[in-house]
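Open the model in your viewer and keep the selection panel at hand.

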Amino acid sequence: MKVAIVTGGSNGIGKSVALELGKKGIGVILTYHSDQRGADDIVREIEKKHPGGAVALKLDLSKRETFEEFVQLVKKNLDERWGRKTFDYLVNNGGIGGGMPFVEMTEEYFFKILNTNFTGPFFLTQSLIRFMEEEGKIINTSSTSSRGSFPGYSAYGPSKAALTSWTRYLAKELSPRKIRVNSISPGPVHTNLGDGVFDKHPEFIQPLADQTALGKIGSPIDVANVIVSFLSDEFGWVTAQDLEVSGGFLL
Ligand SMILES: NC(=O)c1ccc[n+]([C@@H]2O[C@H](COP(=O)([O-])OP(=O)(O)OC[C@H]3O[C@@H](n4cnc5c(N)ncnc54)[C@H](OP(=O)(O)O)[C@@H]3O)[C@@H](O)[C@H]2O)c1
């Protein structure tokens, strides 16, 4: 059985990715940060069809000192659940959003964004890559914000730009092992990002939809479908690419 690790798999885009991979009979290690109950529900959903097919592990991408313990838990689960010493897919999806005007930006806020969205995935991948299967696949969830557009996102945007840039370096350095590395850049998607801003302020949705060529903001499944396709062998000759998944945001 193939096995995927999906960070930030408890909600939003990562939740949809975990469920879609589970439907395909791929074993899923999904991570949560605060929402253990949500993560456990996803595991139960996957296991209805594939008993033993998923496990939820806690991960805080902003705390690198916890990664070794997390990696040991991943190894234990691979061995005990799937009889594997390696895994096949890594979806670096966990992240945080939100903005703060540049002139008011605190160091604390800046490093929280940077560490969660870039430094964390960078070093977590370094730890996990040792036991990724040859011909494995990595997808990084970047953002259209990496190219800059809205005031207040001067930390978030660059954290995602770093992720996109890193994708290309990783693709090159891991190519001797035939590991493919790509990123996707979603436009606005209705998730919990930014402390659930779209639920708290539904009035923000229509103006964004009006700036989207296809006339709506995204749903998690719109993005998850693309991530799952990218992992498939149909994309077997695609690496080092960033694909915008936005319905034509700001086109
Ligand atoms: N929604 C958008 O408009 C949009 C646009 C472009 C890119 N993205 C990117 O898409 C990815 C997924 O976000 P989403 O929109 O699906 O938002 P979401 O619904 O808030 O999901 C975020 C996921 O990341 C996890 N997470 C939060 N803080 C974390 C931390 N410190 N360490 C590890 N995991 C953490 C959350 O876990 P808990 O829920 O368990 O706390 C959750 O599973 C993010 O990288 C985001 O930047 C989103």
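Predicted model: local features only at pLDDT ≥ 70, side-chain atom pairs only at ≥ 80, totals over all residues.

Select the ligand and the residues around it.

Next, pick out individual contacts to the ligand. Start at Thr 191, where a polar side-chain atom lies 2.6 Å from a ligand oxygen. Move to Gly 8. Here a backbone N or O atom lies 3.2 Å from an oxygen atom of the ligand. Then go to Leu 193, which also places a backbone N or O atom by a ligand oxygen, at 3.3 Å. Switch to a surface view. How much of the ligand does the protein bury? Taken alone, the ligand exposes 890 Å², and the protein buries 93% of that.

Leave the ligand and turn to the salt bridges. The whole structure holds 14 of them. Three stops follow.

**Stop one: Glu 45 and Lys 48.** Select both side chains. They meet in a salt bridge, 3.2 Å from N to O. Both residues lie in helix H2 (residues 36-49). They are 3 residues apart, about one turn of the helix. Check the exposure of each partner. Glu 45 is partly exposed, with a relative accessible area of 42%. Lys 48 counts as exposed, because its relative accessibility is 67% and the cut-off for exposed is over 50%.

**Stop two: Asp 60 and Lys 63.** Select this pair next. The side chains meet in a salt bridge at 3.3 Å, N to O. Are the two partners buried or exposed? Asp 60 is buried, at 15% relative accessible area. Lys 63 counts as partly exposed, at 38%.

**Stop three: Arg 84 and Asp 88.** Centre the view on Arg 84. Arg 84 forms a salt bridge with Asp 88, and the closest N and O atoms are 2.9 Å apart. Salt bridges that share partners join Arg 84, Asp 88 and Glu 133 into one network. Now check accessibility here. Arg 84 counts as buried, at 15% relative accessibility. Asp 88 is buried as well, with a relative accessible area of 6%. Both count as buried because the cut-off is under 20%.

Methods: Residues numbered from 1 in each chain as written. Heavy atoms only, no water. Salt bridge = Lys/Arg side-chain N within 4 Å of Asp/Glu carboxyl O. Helix = DSSP H or I, 4+ residues; strand = E, 2+ residues; numbered from the N terminus. Buried < 20%, exposed > 50% of the residue type's maximum accessible area, 1.4 Å probe, protein only. Polar contact = N/O pair within 3.5 Å; in protein donor to acceptor, adjacent residues only side chain to side chain. Areas by Shrake-Rupley, 256 points an atom, 1.4 Å probe, with all protein chains shown as cover.
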